Amino acid sequence: MNLQDLKNNINNIAESNTTKEQKLQQICDYLAGKVSYYDWVGFYFKNGDKDELKLAQFNGEPTDHIIIPFGKGICGQVAVSNENFVVQDVTEQDNYISCGWKVKSEIVIPIFVDNQNIGQIDIDSHTANIFTSDDEALLEYTCKKVALFI
């Protein structure tokens with residue numbers, strides 16, 4: 001993974017002259033295409049005034065998890081904790097919501113606008129123990145760029 005190249009391309013997408021929905025989809029498609037172990041890439045955002053997340057753009061197999069209540073699963077926990085959550089082995093998490101038998105690890109990074117957690121990027125991998133500090137750095141950078149156009 002060439003972290004700087006990935007960040008540069010995320011920056012180019014974020015600054016492109018397209019709609020926010022197109023940018024979000026392009027980011028999902030780009031990350032899924034460039035990082036071999038990113039098997040599902042998606043964005044969840046706070047659903048209005050409700051204490052729940054709603055699925056937005058994604059790349060990967062369709063999911064039944066369109067709405068996720070705050071506190072439920074990894075995404076729901078990040079909505080409450082406001083902190084990154086890296087799960088190297090989903091079988092070790094009691095509060096994990098299964099997205100399919102292939103998923104072995106997950107990383108979720110919150111998106112902040114005006115110091116408010118407004119959503120997150122969620123990555124699933126079919127490989128256990130795969131995420132590193134480079135993944136966390138890339139996804140934190142991505143979330144900062146998303147916060148500028150969302």
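What follows is a short chat about the fold and some of its residues.

Me: Before anything else, what kind of model is this, and how are the residues numbered?

Reply: This is a predicted model, in which local features need pLDDT of at least 70 and side-chain atom pairs count only at pLDDT 80 or more, while totals for chains, interfaces and linings use all residues. Residues are numbered from 1 along each chain as its sequence is written, and side-chain values use heavy atoms, with hydrogens and water left out.

Me: OK, how many helices and strands does the protein have?

Reply: There are 4 helices and 6 strands, and from the N terminus on they run α-α-β-β-β-α-β-β-β-α. Helices (H or I, at least four residues) and strands (E, at least two) are DSSP runs, numbered from the N terminus.

Me: What is the radius of gyration, and what would a compact globule have?

Reply: The protein has 14 Å, which agrees with the value near 15 Å that a compact globule of 150 residues would have; the radius is taken over C-alpha atoms, and the globule rule is 2.2 Å times the number of residues to the power 0.38. Along its principal axes the C-alpha trace spans about 40 × 35 × 25 Å.

Me: And how much of the protein is buried?

Reply: Buried residues make up 45% of the 150 residues, where buried means under 20% relative accessible area, exposed over 50%, and partly exposed in between (1.4 Å probe, protein chains only).

Me: Which side chain does Asn-82 meet in a polar contact?

Reply: That of Asn-117, at 3.0 Å; a polar contact is a pair of N or O atoms within 3.5 Å, where within protein one must be able to donate a hydrogen and the other to accept it, and residues adjacent in sequence count only if both atoms are side-chain atoms. A polar atom of the Asn-117 side chain also lies 3.2 Å from the backbone oxygen of Val-78.

Me: Is Asn-117 buried or exposed?

Reply: Asn-117, which sits in strand E6, counts as buried because its relative accessible area is 16%. Leaving aside neighbours within four places in sequence, Asn-117 is in contact with Val-78, Ala-79, Asn-82, Pro-110, Ile-111 and Phe-112.

Me: And Asn-59, where is that?

Reply: Asn-59 is in strand E2, residues 52–59, and is partly exposed at 24% relative accessible area. The side chains of Asn-59 and Asp-29 are joined by a polar contact of 2.9 Å, and residues touching Asn-59 from beyond four places away in sequence include Cys-28, Ala-32 and Trp-40.

Me: Going back to backbone angles, what is phi of Asn-115?

Reply: Phi of Asn-115 is near 65°, a positive value in a residue other than glycine. Asn-115 is in the loop between strand E5 (105–113) and strand E6 (116–125), and it counts as exposed because its relative accessibility is 75%.

Me: And Asn-129?

Reply: Asn-129 has a positive phi near 55° and lies in the loop between E6 and helix H4 (133–149), where it is exposed with a relative accessible area of 58%.

Me: Last one, what does Ala-147 touch?

Reply: Beyond neighbours within four places in sequence, Ala-147 is in contact with Ile-111, Phe-112 and Val-113. Ala-147 is in helix H4 and is buried, with a relative accessible area of 18%.

Notes. Contact = heavy atoms within 4.5 Å.
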